[in-house]
Amino acid sequence: MMMYNPPHPGEVLKELCLNPLGISVTEAARALGVTRKTLSELINGRAGVSPLMAVRIGKSTGTTPESWLNMQSAHDLWQARTQIRKLKIKPLKAA
């Protein structure tokens with residue numbers, strides 16, 4: 001079953017991991033081995049979770065990289081489906 005407008009994984013990271021632990025973006029970026037700008041872009045939904053970032057987050061939070069990539073995929077697919085009416089797609093036909 002597809003979730004209605006799944007949250008961006010950066011939002012999940014912020015709301016379920018950083019905020020409850022009282023960890024700043026700067027502290028989290030250091031822990032993940034990325035720049036503050038990189039993590040800020042992810043948390044604010046301006047960047048997606050790459051496989052490497054998923055591994056970093058998974059290792060740091062005790063979760064699986066697959067869970068972070070699945071969240072990103074669900075979010076991206078939802079966003080793409082909202083654009084389907086604008087796309088000009090024709091069915092493929094045998095030659």
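I take contact to mean heavy atoms within 4.5 Å. The model is predicted, with local features needing pLDDT of at least 70, side-chain atom pairs counting only at pLDDT 80 or more, and totals for chains, interfaces and linings using all residues. Residues are numbered from 1 along each chain as its sequence is written, and side-chain values use heavy atoms, with hydrogens and water left out.

**Entry 1: V34**

I looked up V34 and found it in the loop between α2 and α3. Setting aside neighbours within four places in sequence, I list A29, L39, M53 and R56 as its contacts. From V34 to I23 I read 15 Å, C-alpha to C-alpha, across eleven residues of sequence.

**Entry 2: the chain**

I found five helices and zero strands, taking helices (H or I, at least four residues) and strands (E, at least two) as DSSP runs numbered from the N terminus. The C-alpha trace spans about 55 × 25 × 25 Å along its principal axes. The radius of gyration of the protein chain is 16 Å, well over the 12 Å of the globule rule for 95 residues, so I record the chain as more spread out than a compact globule. This radius is taken over C-alpha atoms, and the rule is 2.2 Å times the number of residues to the power 0.38.

I looked up helix α1 (residues 9-21) and helix α3 (residues 36-43), whose axes come within 6 Å and cross at roughly 100°. That makes α1 roughly perpendicular to α3; the class covers 65 to 115 degrees, with under 35 roughly parallel, over 145 roughly antiparallel and the rest oblique. Axes are lines fitted to C-alpha atoms, for helices over the stretch in contact, and angles run from 0 to 180 degrees between N-to-C directions. G10, E11, L13, K14 and L18 of α1 make the contact with L39, L42 and I43 of α3.

For α1 and helix α5 (residues 65-81) I read an angle of about 130° and axes 9 Å apart. The two helices are therefore oblique to each other. Here P9, V12 and L13 of α1 meet W68, M71, Q72 and H75 of α5.

**Entry 3: pocket lining**

Which residues line the largest pocket? I list L13, C17, L18, L21, I23, E27, A28, A31, L32, I57, S60 and T61. A pocket is an open set of points on a 1 Å grid over the protein atoms alone, found with a 1.4 Å probe, with protein on both sides within 12 Å along at least five of seven lines; lining residues have an atom within 4 Å of a point. The elements giving two or more residues to this lining are α1, α2 (25-32) and α4 (51-61).
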